[in-house]
Amino acid sequence: PPSLNGGPPAARGAPRPSGPCARGPPVACTSCNSTQRASPPRCPNCASCCWICASTWRACKRPHTTEGRDPRLPGFNAIWRHRQSGRRSGGPTPGGGAAIVIREGLRFEVLQERPCAPDDVTTEWAGVRVFPSEKSVESLDIHCLYIPPPIRTAEGDDRVQRFSPRHLPSGVNTVILGDLNAHHPAWDPESEESDLGTAVFEWSVVSGMRVLNDGSATHMPRRANTRQTAPDVSLCHKSLANRAESGETSARTTCRSASPSTAEARPSAGGAARRSWAKADWASFRARTEEALAGWEACPPESVSEANQQLTTAIQEADKASVPRGARPSAKAWWTPEVDDAVKARRAAWAAAAADPSVRPAWNRACADAKKTIADAKRESWRTFAGEVAADSDHSKIWRIVRSLDGRNSNLQRDAALRVGQKTLVQSKDIAEAYAREYASVSRLPQDRRTRDLRRENFRSSVSRAGADSHGSRDFGKPFSHRELDRALHSLPARKAPGPDEICAEHLQHLGAAGRRAVLQLINASWTQGEVPAAWRRAHIVPILKKGKPADEIGSYRPIALTSTLAKLAERLVQARLYWWAESRHLLHPAQAGFRKRRSTEDQIARLTQLISDGHQAAPARRTVVVLFDFRRAYDTVWKQGLLHKLHNAGIPAAGVRWAETKAQAAIDAVSDWANEWRMELAPNKCAASLFTTTAGEASRELRLRLNDAPLSTDRQPRFLGVILDRLLSFTAHAANVAGRARARCGVLAALSGSNWGAKQSDVRQLYTAYVRPVLEYAAGAWMPTACRTAIDHLDRAQRLGARIITGCPRNTRSEVLEREAGLPPMAVRAEMHAGLLHERALRLPHDNPLRACAASVGPRRRLQSARGWRETAASVCSAAGLSGFPREPVHAIPTTPPWAVLDSVTLGLQLASPTSRGDLPEARRAAAQQTLAALPPASTVIWTDGAAKDGILDGGSGVLVEPNTTLCVAAGHVTSSFHAELVAIAEALRWVLAAPDPAELSPVRICSDSLSALSALASGPGSTGATMIDAVWGSLADLAARGTSVHLQWVPGHAGIPGNEAVDEIAKQGTTLAQGTAPVPLAAAQAAVRRYCLARWHQIYNAAATEAASTSSLAWHLACTAGRLPPQPTSDLTRRQERLICQLRADRCPALRGFQAAIGVDVAPTCRFCGDGEETAAHLLISCPALTSHRCRLWGPSPEPAAVFENCVAVLNFLGKAGAI
């Protein structure tokens, strides 16, 4: 639809009006109460009128009008009906059809029943039922019709017009707006009456419909001497005729609702106000909350609910005064103060230029500055968001960010009416109640009242008999500490929707000392008293439309509950203790991998695939039968009382059980009339059995298994934890599935690479590695090494699509060159890498873990040479990476220090008294360190530590110097890192202190280290990074704290001439020469070694292929341009177009050169346009073209090497630009 008198601007790719001329669509206004003619989008008498635009349209190109890629209009819901048939039977269907556009905020329902004859395939139709107001049940049916013009004689045109008006609706609330290509004096007095016009007019008289046209022409041809006609007809029921009138020449129709006093439709006010975190005054917020909560300690609240209310009120009042809000309908995340200033300057320059044309150049400069500022802001906003993107990121959320940056608009129908059974719900209250009934019925498990009461009483009596500390230590139920609170606050995700109390994570994270004490007191009161505030048990439930589901069905929505952030914070504190307790007492089964640190679904997939592979290799071959069970609504039907009973029986201290019982009590009481048994129920239609065998004759065998006396279906390609299996473990179906999903996600990359704000190549690659590639490589270590060549080809093709988007290289670029330019190793190499990573992690798990047993076992002798499990591939990779023969450092799921441990005697210093940097002189850094050490409290024991490793990765050594002259020197592992060696040194120093007869006599202890990264990792607390050595250090610190020894760890700059640091550095270097046989290899270092080996293997494969290739091939040219190394990342001063040109030139696939144009079939001579001798390629122009010799010699000399030429990409572009080649 075109833009009409200030109406919605045409969206990018929006279709043009139908026919050879520009013709405006009819419009129905459902708000205005006057009889004046109205031009959308606003009537002169109703400032907030809602309107519907109905139009027929035809697209210029088919790709822009396919399903799923319809044009979008900002602020509107669009209903598109695509053309059903073309001019020839069975021929192509061109883009086009009928469309209705409805302003957001107006409730509507899409009509499905087509008002045409069954054999009428040429008439195009779209229809909606509009509900002008939630307070009224009256509706207005809007129908948009397009009837093709009388058929002209043309070769192959076999269309037959079967339209009949008798099929059209004629209800009292019906409006028909259409391009009927029919003529009758009632609406077109200047044209001859047509047969279709006569039929439509006679039908309107019989059915009580009225023509609203006033005789004005609606078809304005471009030729001045051509007669104007009115093929557009606007009809409404006679009951609406006195409240409707025809518009002007564009055939607009203004129709008021049937009852103006009750059916006045107004759009929503733009949604709830949003906070502007970037403009928040956190100093003011902190001061206001501190003032409001200053009297808490002197006069604490009487109850937990009162405390929660006071704290919530204090935060809310400070939020209103310190955090600005706005109700802009489409907030732009990239709108910064710099952009705001640039736009204001542009507006001021425009006003000045309008008054004085002589200052127009200043306005041009202001426009250029604003454009650059906006592009930079968008680019930075994307970099910030891309850093948070993960494989499981919401696809729609990422597209929303792209649309915000690129000016696109969503095509969601947010205001569709909801259909429940035979009823259509319009009012918000009715819709909300329907959602409530639907979600409540999900977990409804009827049970007789007697059984319910008996089970509840048995459970409560068992808990009351348990006592306060019958199963555990008192430490579990002790109040939470400030350290635990700080760790939980740090882990709270930001930019999340708040619950009913409107408190966000940002509020809690910016609280001052008094505010944090109040939060901790509130949570501790709830924890110790077993009372949960009622506000924490409330939630706002937001229905989210599922992908690909119709918007008018209640089952198409997924409920999202927004709960109190304070409740989430309390749950994190409780969960940390519960998890530590369960892991430390081995309450979880060793085979469980879900919801556990250092475990993943890959563990289960790896065990299953290796089991099946071993069966295939055994002699004779073993068949494997796998049965997969699915529980129906597993999370929705949890029996909460039974869950609490299970916590009690598992040994969870009563404090945790009582708190969880209170948390669930509100839900239990609310459903007391429903059921008292929350049991799990299998979904028979989702349970299946599968047979894995190498015998082809058994592939079609049906397994005779039964479930609950019902036959169990046989699935030949079961999906296990997201991986599609097949009987031979070829994984072809799974690879094709994930490759299709990855190609769909590449659409985001394409949108960024073609954006007008210039996403850099590094940004696009970062998004690929964080968002697209994880889809291909989910659980890759378990299945990809076993996959057949066809499956790997599926993955490679999907990756090459991403590589082409990253680099801008055309489709005929060699795959080896394309992967090198994008920095993406082939999937076969990635498969070996993931197998090695999985193997190293599995061998470090506890001894009772099934995955460790699987990885450490020796399988049967290989019977099938074409098949190979991940274990064999991983063993060869780890051996080649140099990891064989050395002990492995185990990993732990939990830290050795419990969450409630008191470590107030441990302090860390990460700053110097005077800030310094590595670029400062050693004297300045030494002076700052000495000043810092002198300001510290006196220490009884001063220890210096340092770590070293050859090349930073091999033969680590750790040194310890205890003043005045006690030294320790230990090996830190053959495969290691400088970071690990530093931690080993700190751990050895603490062991030395613990080995003293009385460590308290050495207190206070000061440990000085020059590793800021190691101390920063320690500062994050035990268990925060997962490194085993960090947990060991914190375990020693906890032991010393329990013995009354205080420890301070201080960072000092290295290589600054500090005597203690220089001395211990020499000791650490001596440690690199020690035997490394008994030093365990940490997991991080082992995985880094696997990655280095696979990267070197990729380089080896590429160099071998390039060396064997012909000297004139693109592969040999690329090898010469890069000297066998990965191409460097483009510099920041290159635009996106220039980055693509550089990649295309190195790949010898530049579309601007004649050699490439001739190769792809363009009618042009391939010879050089400058010298006329030789094919015009990148190698010819940059290295050997005689016509460009003088210019080339000035830049690179007489015989430059390609690698030297591409060291300066800007010079390459300038050279070819001045020559006129690009």
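Q: At what angle do helix H20 and helix H21 pack, and how far apart are their axes?
A: The general idea is that a packed pair of helices is described by the angle between the axes and the distance between them. Here, helix H20 (residues 789-807) and helix H21 (residues 815-822) pack at about 55 degrees, with axes 9 Å apart. Helices (H or I, at least four residues) and strands (E, at least two) are DSSP runs numbered from the N terminus. Axes are lines fitted to C-alpha atoms, for helices over the stretch in contact, and angles run from 0 to 180 degrees between N-to-C directions. The model is predicted: local features need pLDDT of at least 70, side-chain atom pairs count only at pLDDT 80 or more, and totals for chains, interfaces and linings use all residues. Residues are numbered from 1 along each chain as its sequence is written, and side-chain values use heavy atoms, with hydrogens and water left out.

Q: Which residues in H20 and H21 meet?
A: Contact means heavy atoms within 4.5 Å. From H20 come Asp796, Gln799, Arg800, Ala803, Arg804, Ile806 and Thr807, and they meet Ser815, Leu818, Glu819, Glu821 and Ala822 in H21.

Q: How many residues of H21 are buried, and which helices do they pack against?
A: Buried means under 20% relative accessible area, exposed over 50%, and partly exposed in between (1.4 Å probe, protein chains only). In H21, 6 of the 8 residues are buried, so this helix is largely enclosed by the rest of the structure. They are Val817, Leu818, Glu819, Arg820, Glu821 and Ala822. Their packing partners are helix H18 (761-776), H20, helix H30 (1083-1108), helix H31 (1114-1122) and helix H32 (1136-1146).

Q: Where is Arg1140 found, and how is Arg1140 classed: buried, exposed or partly exposed?
A: Arg1140 is found in helix H32. Its relative accessible area of 26% makes it partly exposed. Beyond its neighbours within four places in sequence, Arg1140 is in contact with Ser753, Thr807 and Gly808.

Q: Which helices pack at an angle of about 100 degrees?
A: Helix H10 (residues 482-491) and helix H12 (residues 513-529) do, with axes 11 Å apart. They are therefore roughly perpendicular to each other. H10 contributes His482, Leu485, Asp486 and Leu489 to the contact, and H12 contributes Arg516, Arg517, Val519 and Leu520.

Q: Which residues touch the most other members of the largest nonpolar core?
A: A nonpolar core is a set of buried Ala, Val, Leu, Ile, Met, Phe, Trp, Tyr and Cys residues joined through side-chain atoms within 4.5 Å. The largest one has 65 residues, of which Leu749, Leu776, Trp783, Met784, Leu795 and Trp870 touch the most other members. Helix H17 (residues 732-753) gives the most to this core, with 8 residues. A second, separate core of 45 residues includes Phe476, Ala505, Val519 and Leu520.

Q: Which peptide bonds are cis, and where do Pro964 and Pro1004 lie?
A: Most residues other than glycine have a negative phi, and most peptide bonds are trans. The bond from Glu963 to Pro964 is cis, with omega near 15 degrees, and Pro964 is in the loop between strand E31 (954-962) and strand E32 (966-975). The bond from Ser1003 to Pro1004 is also cis, with omega near -5 degrees; Pro1004 is in the loop between helix H26 (978-994) and strand E33 (1005-1009).

Q: What is the phi of Asn181, and what is that of Glu502?
A: Asn181 has a positive phi of about 50 degrees although it is not a glycine. At 18% relative accessibility, Asn181 counts as buried. Glu502, in the loop between H10 and helix H11 (505-509), has phi near 60 degrees. Glu502 is partly exposed, with a relative accessible area of 32%.

Terms used:
Parallel < 35°, antiparallel > 145°, perpendicular 65-115°, else oblique.
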